[in-house]
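Subject: Handover of a structure and its findings

Dear colleague,

Please find below the structure that I am handing over to you. My findings follow it, and I would be grateful if you read them with the model open.

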Amino acid sequence: LVSGEELGHLVLVLPMVTLVHLNSHRTNGMRYLPNYFTKGQLSKLFICFPDPHFKAKNHRRRIVSFPLLTEYAYFIRPGGRLYLITDVLELHEWHVAKVDGHSLFRRVPDEEAAEDLGVQLMSEETEESKKVARCGGKKYWAVYERVEASTPSQTPALLKLLKAADS
């Protein structure tokens, strides 16, 4: 999600790119995303410099968690990308562990992702990334591709139920 100021800057930075239906809205994405997007509507989702919530009791408030990743996967079309960036190593490791453990996302190799315009923009052009650079901080990022859901395997109990329903 991009703030209004950052959106204006990105529009200036990308004069050659056609921006269709580009909008900025400040809201609680953890609660209200289903009110704004439908299944497979997004091709890219950026999570830039989220609050790290260091205390263990607040980890449930982190914006990258298994239930939220499932929700993000619903909104991102297969082949779409999830971009993550932070300046906190511990949070980056959390992001990587959570997304690597989710079956609907595959990590894009860093060599390939480094050439992605989205990575360049989130790591160099956002307000927070410029602040981190001014302070001499390090930025940690990862890019994941949304993969097709595999069909669940049918268990013997389920097959038995299906046969019973046919007879």
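In this message, a residue is called buried when its relative accessible area is under 20%, exposed when over 50%, and partly exposed in between, with a 1.4 Å probe and protein chains only. By that rule Asp-110, with a relative accessible area of 37%, is partly exposed.

This is a predicted model, in which local features need pLDDT of at least 70 and side-chain atom pairs count only at pLDDT 80 or more, while totals for chains, interfaces and linings use all residues. Residues are numbered from 1 along each chain as its sequence is written, and side-chain values use heavy atoms, with hydrogens and water left out.

Overall architecture

The chain contains 8 helices and 4 strands; both are DSSP runs numbered from the N terminus, helices being H or I with at least four residues and strands E with at least two. Starting at the N terminus, the order of elements is α-α-β-α-β-α-β-α-α-α-β-α. The chain has 167 residues, and 34% of them count as buried. Its accessible surface is about 10900 Å², with 55% belonging to carbon and sulfur atoms; such areas come from the Shrake-Rupley method with a 1.4 Å probe, and for residues only the protein chains shown count as cover. A contact means heavy atoms within 4.5 Å. Among contacts in the chain with a separation of 6 or more, 79% are between residues 24 or more positions apart.

Salt bridges

How many salt bridges does the structure hold? There are 7 salt bridges, each defined as a side-chain nitrogen of Lys or Arg within 4 Å of a carboxyl oxygen of Asp or Glu.

One of them joins Glu-145 to Arg-106, with 3.1 Å between the closest N and O atoms. This pair connects distant parts of the chain, since Glu-145 belongs to strand β4 (residues 140-146) and Arg-106 to strand β3 (residues 105-107), 39 residues apart. Arg-106 is partly exposed, at a relative accessible area of 36%. Both residues also belong to a network of salt bridges that links Arg-81, Arg-106, Glu-112, Asp-116 and Glu-145.

Glu-125 is partly exposed at 22% relative accessibility, and Lys-130 is partly exposed at 32%.

The loop between β1 and α3

Several findings concern the loop between β1 (42-48) and α3 (66-75), where Arg-60 is placed. Arg-60 counts as exposed, at 63% relative accessibility. Together with Lys-55, Lys-57 and Arg-61, Arg-60 forms a positive surface patch. Patches consist of residues with over 30% relative accessible area and no salt bridge, like charges being joined within 9 Å and nonpolar side chains (Val, Leu, Ile, Met, Phe, Trp, Tyr) within 5 Å. Lys and Arg count as positive and Asp and Glu as negative, whereas His and the chain ends are not counted. The place of a charge is NZ of Lys, CZ of Arg, CG of Asp or CD of Glu.

Phe-49 is not a glycine, yet its phi is positive, at about 50°. His-53, also a residue other than glycine, has a positive phi near 45°. Most residues other than glycine have a negative phi. Phe-49 is buried, with a relative accessible area of 13%, and His-53 is buried, with 19%.

Positions distant in sequence

Which residue lies 77 positions from Phe-49 in sequence, with 9.7 Å between the C-alpha atoms? That residue is Thr-126, found in the loop between α6 (117-124) and α7 (127-134). Thr-126 counts as buried, at 10% relative accessibility.

Gln-41 is located in the loop between α2 (29-32) and β1 and is partly exposed at 37% relative accessibility. Gln-41 and Arg-77 are 36 residues apart along the chain, and 6.3 Å separates their C-alpha atoms. Neighbours within four places in sequence aside, Gln-41 is in contact with Tyr-36, Phe-75 and Arg-77.

With kind regards
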